[in-house]
Amino acid sequence: MPSNRQILFAISSICFALIGVALYLQHIQEMLPCPLCVIQRYMFLAIGVATLVAAISGKVREGSILALLAAFGGLYAVGKHLYVIANPGFSCGIDPMETFLNKIPTAEYLPWLFRADGLCEGATDSLLGLAIPQWSAVWFVVLTALLAFVLLRNKRA
């Protein structure tokens, strides 16, 4: 059975790989990220950093709790994204959220990673049968379950 630190390293690796896939889709496949996509990137990045720091420092509980909070934030964002896709009349296009996100220093200094230029309702391109936000939802659920497992196992130890 893998240790909690090994699971945290795996979670971190998954998150950074998902960011890599997002960058591939954005820059190679030319799928522009919408504001909700960018928020999900922030959440994957937060989970990845929190779990990496927790695994390296040995602060499993603290890092897992922070990562779990980010995972819940990601579940909320992807839930809203799936709602937008399911309700074509509802949009998150050019709105205050996009303007706010694009003014955050990370978006100004790393626009290739955090600039929101797409429309949420346009994120219906599929990859292996699921739309990108659906894949994001799958991964947030998996990561949430893994983090809960680590926390529950750590509590018993």
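These are my notebook entries on a predicted model.

**Ground rules.** I number residues from 1 along each chain as its sequence is written.

**Confidence.** I looked up pLDDT (the predictor's confidence in each residue, from 0 to 100). The chain has a mean of 86, and 86% of its residues reach 70 or more. I then went through the elements, taken as DSSP runs numbered from the N terminus (helices: H or I, at least four residues; strands: E, at least two). Helix α2 has the highest mean pLDDT, 95. Strand β1 (residues 126-127) has the lowest, 68.

**Aromatic pair.** I searched the whole structure and found 1 aromatic pair. It is Phe44 with Phe140, stacked, at 4.0 Å centre to centre and 5 degrees between the planes. My cut-offs: ring centres of Phe, Tyr and Trp (its six-membered ring) within 6.5 Å; planes under 30 degrees apart are stacked, over 60 edge-to-face, the rest tilted. Phe44 sits in helix α2 (residues 35-57) and Phe140 in helix α7 (residues 132-156), so the pair links distant parts of the chain, 96 residues apart. I checked burial next (buried is under 20% relative accessible area, exposed over 50%, partly exposed in between; 1.4 Å probe, protein chains only). Phe44 is buried at 7%. Phe140 is buried at 0%.

**Ser12.** I placed Ser12 in helix α1 (residues 4-27). Its relative accessible area is 2%, so I count Ser12 as buried. For contacts I took heavy atoms within 4.5 Å. Leaving out residues up to four places away in sequence, Ser12 touches Gly48, Thr51 and Leu52.

**Pro35.** Pro35 belongs to helix α2. It has 0% relative accessibility, so it is buried. I noted 5.0 Å between the C-alpha atoms of Pro35 and Ala116, which are 81 residues apart in sequence.

**Helix α3.** I ran the length of α3 (residues 60-86, 27 residues). From first C-alpha to last it reaches 38 Å, close to the 39 Å expected at 1.5 Å a residue. That expectation is 1.5 Å times one less than the number of residues. I listed its buried residues, among them Val60, Ser64, His81 and Val84.

**Val150.** Val150 lies in helix α7 and is buried at 0%. With residues up to four places away excluded, Val150 touches Asn4, Ile7, Leu8, Val60 and Ser64. The C-alpha atoms of Val150 and Val60 are 8.1 Å apart, across 90 residues of chain.

Conventions: Predicted model: local features only at pLDDT ≥ 70, side-chain atom pairs only at ≥ 80, totals over all residues. Heavy atoms only, no water.
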